[in-house]
Amino acid sequence: MVERDPETVRRFIERFASDLVEAGVPRMPARVFAALLGSDSGRLTAAQLSETLQVSPAAISGAVRYLSQVHMIRREREPGSRRDVYVSDADIWFEAILNRDRIIPRWQKSIREGVEALGPDTPAGLRLAETLAFFDYIHEELPRFLAEWQKRKAEMRAAREG
């Protein structure tokens, strides 16, 4: 097992959490997510998260609820245990993007209705039409992008193992 400087790990968690906060993730969920990513197992209990982050169990509870709802972590239960374990693995980013791919059609429909409601030749309608074109492009390209990532990930794992 690799020994790490706990202070360096703590600085990573706080720095990455700050980056997530700047991207719109609430502060405590960002810290919990960064702590999970920074753990070797990618699996921590609420007590372990509370100890790692030096926060109350209530703060952890709210944070894991948020992260579960936005599909950034998942909750599991160890066989024979009553404790929940919170998990974040490398595929979490893939899953988050895949989840967006399911939401994009809803956004496209709403934006399309907005273009019609505002008028396609108005400044607002033109802005929405360009937004719609962007989401159309993303929706078309995302399956190819995700397939390419799966292939690259398999190649990386094969290279590590062999």
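I began with Pro6, which is exposed at a relative accessible area of 61%, where exposed means over 50% relative accessible area, buried under 20% and partly exposed in between, with a 1.4 Å probe and protein chains only. This is a predicted model, in which local features need pLDDT of at least 70 and side-chain atom pairs count only at pLDDT 80 or more, while totals for chains, interfaces and linings use all residues. Residues are numbered from 1 along each chain as its sequence is written, and side-chain values use heavy atoms, with hydrogens and water left out.

Pro6 sits in helix H1, residues 6–22; helices here are DSSP runs of H or I with at least four residues, strands are runs of E with at least two, and both are numbered from the N terminus. I then took the C-alpha distance from Pro6 to Pro29, and it is 21 Å for a separation of 23 residues in sequence.

The buried residues in H2 are Pro29, Ala30, Arg31, Val32, Phe33, Ala34, Ala35 and Leu36.

Next I looked up Ser50, which belongs to helix H3 (residues 46–53) and is buried, with a relative accessible area of 12%. Leaving aside residues up to four places away in sequence, Ser50 touches Val55, Ser56, Pro57 and Ile60, a contact being heavy atoms within 4.5 Å.

I also went through backbone angles, and Gln54 has a positive phi of about 55 degrees although it is not a glycine. Gln54 is placed in the loop between H3 and H4 and is exposed, at a relative accessible area of 66%. His71 is another entry of this kind, with a positive phi near 60 degrees in a residue other than glycine. I found His71 in the loop between H4 and strand S2 (74–77), where it counts as partly exposed at 40% relative accessibility.

For Asp84 I noted a place in strand S3 (residues 84–87) and a relative accessible area of 21%, which makes this residue partly exposed. The contacts of Asp84, not counting residues up to four places away in sequence, are Thr45, Ala46, Arg75, Glu76 and Arg77. Asp84 and Leu44 are 40 residues apart in sequence, yet their C-alpha atoms are 8.6 Å apart in space.

I turned to the second largest pocket, which holds about 250 Å³ of space. On a 1 Å grid over the protein atoms alone, a pocket is an open set of points where a 1.4 Å probe fits, with protein on both sides within 12 Å along at least five of seven lines, and lining residues have an atom within 4 Å of a point. Its volume is the space filled by probe spheres set on the points, which are joined across faces, edges and corners. Which elements give two or more residues to the lining of this pocket? They are helix H4 (57–69) and helix H5 (92–118), and H5 gives the most, with five residues. The lining includes Tyr66, Gln69, Trp93, Asn99 and Arg100. By class, the lining residues divide into seven nonpolar, three polar and one charged, where Ala, Val, Leu, Ile, Met, Phe, Trp, Tyr, Cys and Pro count as nonpolar, Asp, Glu, Lys and Arg as charged, and the others, Gly among them, as polar.

My last entries concern helix H6 (residues 123–161), which has 39 residues and reaches 55 Å from its first C-alpha to its last, close to the 57 Å expected; the expected span is 1.5 Å times one less than the number of residues. Where does H6 kink? A kink of about 40 degrees lies at Glu141, shortly before the proline Pro143, the bend being the angle between axes fitted to the seven residues ending at a residue and the seven starting there. Buried residues in H6 are Gly125, Leu132, Phe135, Leu142, Leu146 and Lys153.

Within H6 I also looked up Glu148, which counts as partly exposed at 45% relative accessibility. Glu148 is 36 residues from Arg112 in sequence and 29 Å from it in space, C-alpha to C-alpha. Gln150, also placed in H6, is partly exposed with a relative accessible area of 33%. Gln150 and Phe94 are 56 residues apart in sequence and 8.9 Å apart in space, C-alpha to C-alpha.
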